[in-house]
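Hello,

Here is the structure for you to look through. My notes on what was found in it follow below.

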Amino acid sequence: MKVDLFDFDLPDECIALRPADPRDSARMLVVGDDGALGDRNVFDLPKLLRAGDALVFNDTKVIPAQLQGIRSRGENKSAVDATLHMRVAADRWRAFMRPAKRVAMGDRIAFGHSAEACMIGALDATVVEKGEGGEVELAFDLSGAFLDEALHTVGHIPLPPYIASKRPEDARDRSDYQTIYADQEGAVAAPTAGLHFTPQLMAALDEAGISRHFVTLHVGAGTFLPVKADDTADHKMHSEIGLVTEDVAASLNAVRARGGRIVCVGTTSLRLLESAADADGLIQPWQGPTDIFITPGYRFRAVDILMTNFHLPRSTLFMLVSAFAGFQSMHDAYAHAIGNGYRFYSYGDSSLLFRNDVQGVPA
């Protein structure tokens with residue numbers, strides 16, 4: 001399919017720079033399986049689901065994965081930035097470098113050599129591999145928990161480019177850009193649909209008889225990358241590491257067997273469950289990388305309802321929601337959202353999408 005089919009005009013003022021306060025006061029656009037639209041709020045979620053339904057959350061935790069450093073090659077030195085996106089060993093991360101042309105294999109990079117960082121030691125790395133699109137593999141001099149501690153000292157929260165280009169990261173982002181149930185460290189981007197949840201909303205969901213289940217998908221920086229290809233067939237997805245435990249898989253299969261619905265909070269948990277589901281729709285235990293790329297025409301096997309924020313034009317995530325709720329339905333829903341002042345992207349408002357199994361595939 002042509003990527004142009006997933007383009008739309010988004011006014012700059014629609015991009016949210018801060019989350020709603022309180023989080024669950026954000027607006028939520030409900031898109032029925034027939035394309036019908038309803039304007040609600042996130043705190044209405046318990047009324048929109050049924051007892052016996054199951055919410056699936058991604059419990060990944062965002063790390064300070066944005067690093068600033070000095071690249072050394074002999075006597076030549078140059079400033080560079082790195083965004084870590086996948087851990088491949090106790091001392092190694094894959095990262096996107098900017099500017100990529102300044103970096104070559106064998107280069108040494110000294111990260112975070114500020115006065116504050118020098119008090120606890122340096123965070124240095126060697127470029128051991130260089131790929132396409134500015135991607136490199138970094139071998140750090142520290143490993144395991146020592147590397148983790150250093151990243152928390154010298155790193156910054158990697159705000160999405162559409163926020164970072166308008167304001168710097170600050171202390172609020174350390175809490176705002178993290179779900180209240182974040183537990184497993186490793187993400188470099190938040191599973192943003194989950195940012196809307198509060199303890200009060202969780203309690204209301206419990207009271208309504210809606211169960212909660214946790215999977216882990218460490219969101220990578222590839223989620224920020226634009227689709228540069230003209231056709232979806234030519235786009236390469238970056239892998240992300242995920243985990244669905246045996247207990248969670250069994251619990252979710254039992255929910256569906258009883259007639260309950262699987263409600264994914266965010267595209268990350270949806271992509272993981274669809275990766276783990278077999279041809280009969282049974283969710284299997286899963287551990288490892290997934291690069292699943294969902295576009296219209298895909299037949300969903302495991303997920304019935306999706307709660308998700310509003311996504312970028314021409315993005316893989318807008319393609320995913322178009323596959324889930326219908327190509328025309330999502331174009332209509334986004335036009336409604338823009339026309340009615342909904343806030344877009346990571347800190348923006350939410351939508352609740354009911355799966356549409358009868359939908360046209362764009363030419």
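A search of the whole structure finds 0 disulfides, a disulfide being a pair of cysteine sulfur atoms within 2.5 Å. Cys 14 counts as buried because its relative accessibility is 8%, and Cys 264 counts as buried at 0%. Buried means under 20% relative accessible area, exposed means over 50%, and partly exposed is in between, with a 1.4 Å probe and protein chains only.

Before going on, note that this is a predicted model, in which local features need pLDDT of at least 70 and side-chain atom pairs count only at pLDDT 80 or more, while totals for chains, interfaces and linings use all residues. Residues are numbered from 1 along each chain as its sequence is written, and side-chain values use heavy atoms, with hydrogens and water left out.

The sheet

Helices (H or I, at least four residues) and strands (E, at least two) are DSSP runs, numbered from the N terminus. Two strands pair if DSSP finds at least two bridges between them. An open sheet of 9 strands has mixed pairing and the order 2-1-17-16-14-3-12-13-15. Its edge strands, strand 2 (37-41) and strand 15 (286-290), each pair on one side only. Neighbouring strands of this sheet are turned by 25° against each other on average, direction ignored. Axes here are lines fitted to C-alpha atoms, for helices over the stretch in contact, and angles run from 0 to 180 degrees between N-to-C directions.

Helix 7 (residues 246-257) packs on the sheet and touches strand 3 (54-58), strand 12 (211-217), strand 13 (240-244) and strand 14 (262-265). Contact means heavy atoms within 4.5 Å. The direction of helix 7 makes about 135° with that of strand 12. Ala 257 is in helix 7 and counts as exposed, at 69% relative accessibility. Ala 257 and Leu 282 are 25 residues apart in sequence and 9.9 Å apart in space, C-alpha to C-alpha.

Strands of a sheet pair through backbone hydrogen bonds, either parallel or antiparallel. Strand 3 pairs with strand 12 in the parallel sense over 5 bridges, and Ala 54 stands opposite Ser 211 in strand 12. With strand 14, strand 3 pairs in the parallel sense over 3 bridges; here Leu 55 stands opposite Val 263. Strand 16 (residues 305-309) and strand 17 (residues 350-354) are antiparallel, over 5 bridges, with Leu 306 opposite Leu 353.

Strand 3 is largely enclosed by the rest of the structure, because 5 of its 5 residues are buried. Ala 54, Val 56 and Asn 58 lie on one side, Leu 55 and Phe 57 on the other, and both faces are covered.

Helix 3

In helix 3 (residues 144-154), the buried residues include Leu 147, Ala 150, Leu 151 and Val 154. They cover an arc of only 105° around the axis, so they are on the same side of helix 3. The arc is that of the directions from the helix axis to the C-beta atoms. On the other side of helix 3, Ala 145 and Glu 149 are exposed. An α-helix has 3.6 residues a turn, so residues three or four places apart point the same way.

A loop residue

Thr 198 is in the loop between strand 11 (184-187) and helix 6 (199-207). Thr 198 counts as buried, at 7% relative accessibility. Leaving out residues up to four places away in sequence, Thr 198 touches Arg 23, Asp 24 and Ile 180.

Regards
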